[in-house]
Amino acid sequence: MKQQWIDRRHGPKTPSDTDMYHELPTGPDRLDVSNRTLGWVDGLGTVLERVLGPARAHRLGHEDFGTDASGSDAEADVLAAIRERAGELHETLVHDHGVFAVEFVGSTGGGKTRLIEELLDRAPADEEIGAIVGDVAGEDDAKRLREYGIQVENINTGKECHLDPDGVGSAITDFDLQMLDTLYVENVGNMVCPADFPLGASLRVLVVSTTEGDDVVGKHPLLVQSVDAAVINKVDLAAAVGTDLERLRDDIERAAPDLPVFETNAMDGVGIDALRSFLESHRGTGHEHDHAHSHAADGHGHDYLDHPNH
């Protein structure tokens, strides 16, 4: 007997044979999915270890003590290849199929999944939406988003602390891109690793929360400089946890001048409409990112390679 589940956008539904992605995989099928998604990560890790050395596989773009010129050149080559692949992914999604792709980055527990849920609640019923969710292990966030009746592909990255354009490229082959209007990509919860791995999205949004402390932005400027907008979530808890909202705002402005910032209480839906309006204002432009918007003078500002959206 097929499981009946509640589509939170459209009401009760019993999945058809062509709708089986809404049923959560169990047993051997689940293991097959995990093995498939982990395969590209293992391949990338092998390449990085061979080119950069095992100790540097998770430190792309960040200087180490003792790095020689050849190591720097090799690192630059790997990063260039990753950005090129992200550019190809952007072409496929945005220009070839007209998909509006939004990536969310930030720490675990910052509220990325909840923000996506709030955006799904506000989406028109006829908008075809999909999601790709990255987590080190498990599919908790993917399960939550499936409750909204959308197709969700879950990627478990194992030891890796970020999604990668090859992994996302593999996942999108399971979507009918001709029918898809919007794709939400929730990256692995991390404030460091995703900075060096663009995923070809139309827009990249950083989510930080007051529960992470008011120094979270100042400690992670590179990720702030890699995004198109920032969300300060859980503003309702700022006083309770002793977080200075003004410091968070100032640190964002210092790291990325003029970056759009939205303050939300996602649990109560506060501030979501302003964020949604910002996202919708960039839908369908093709070149969503303003390349004149330079976040920093230290070489970490956006350009085609850093944020490929052509």
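Which residue in S5 is the bridge partner of isoleucine 132?

A: The partner of isoleucine 132 in S5 is glutamate 153. Keep in mind that this is a predicted model.

Strand S4 spans residues 129–135. It is mostly covered, with seven of its seven residues buried. Ile129, Ala131, Val133 and Asp135 point one way from the strand. Gly130, Ile132 and Gly134 point the other way. Both sets are buried.

Now the neighbours. On S5 (residues 151–156), the pairing with S4 is parallel and runs over six bridges.

Threonine 182 leads on to the next strand. It is also the bridge partner of phenylalanine 100. S3 and S6 are parallel and share five bridges.

Step back to the whole sheet. It is open and has seven strands, in the order S5-S4-S6-S3-S7-S8-S9, with parallel pairing. S5 and S9 are the edge strands, each pairing on one side only. Neighbouring strands are turned by 20 degrees against each other on average, with direction ignored.

H3 lies across S3, S4, S6, S7 (203–209) and S8 (229–233). Its direction is at about 165 degrees to S6. H3 covers residues 112–122, and eight of its 11 residues are buried, so the rest of the structure largely encloses it. The buried residues are Lys112, Thr113, Leu115, Ile116, Glu117, Glu118, Leu119 and Leu120.

Next, the aromatic contacts. The structure holds two aromatic pairs. One joins phenylalanine 104 and tyrosine 184. Their centres are 6.1 Å apart, and the planes make an angle of 55 degrees, a tilted arrangement. Phenylalanine 104 lies in S3 (residues 100–106) and tyrosine 184 in S6, so the pair ties together parts 80 residues apart in sequence. Phenylalanine 104 and tyrosine 184 are both buried.

The other pair is phenylalanine 262 with phenylalanine 278. It is tilted too, at 5.3 Å centre to centre and 50 degrees between the planes. Phenylalanine 262 is in S9 (residues 261–263) and phenylalanine 278 in helix H10 (residues 272–281), so this pair ties together parts 16 residues apart in sequence. Phenylalanine 262 has 13% relative accessibility and therefore counts as buried. Phenylalanine 278, at 14%, counts as buried as well.

Leu245, Leu248, Asp251, Ile252 and Ala255 of H9 are buried. They cover an arc of only 125 degrees around the axis, which puts them on the same side of H9. The buried residues of H9 pack against S8 and S9. They also pack against three helices: H6 (216–219), H7 (221–224) and H8 (238–241).

Two loops in this region deserve a look. Lysine 234 sits in the loop between S8 and H8. Its phi is positive, about 60 degrees, although lysine 234 is not a glycine. Its relative accessible area is 22%, so lysine 234 is partly exposed. Aspartate 258 is in the loop between H9 and S9. Aspartate 258 also has a positive phi, about 70 degrees, and is not a glycine. At 61% relative accessibility, aspartate 258 counts as exposed.

H3 lies across S4 as one of several strands. Seven of the seven residues of S4 are buried.

Notes:
Residues are numbered from 1 along each chain as its sequence is written. This is a predicted model: local features need pLDDT of at least 70, side-chain atom pairs count only at pLDDT 80 or more; totals for chains, interfaces and linings use all residues. Side-chain values use heavy atoms; hydrogens and water are left out. Buried means under 20% relative accessible area, exposed over 50%, partly exposed in between (1.4 Å probe, protein chains only). Helices (H or I, at least four residues) and strands (E, at least two) are DSSP runs, numbered from the N terminus. Two strands pair if DSSP finds at least two bridges between them. Rings of Phe, Tyr and Trp (its six-membered ring) pair if their centres lie within 6.5 Å; planes under 30 degrees apart count as stacked, over 60 as edge-to-face and the rest as tilted. Axes are lines fitted to C-alpha atoms, for helices over the stretch in contact, and angles run from 0 to 180 degrees between N-to-C directions. Contact means heavy atoms within 4.5 Å. The arc is that of the directions from the helix axis to the C-beta atoms.
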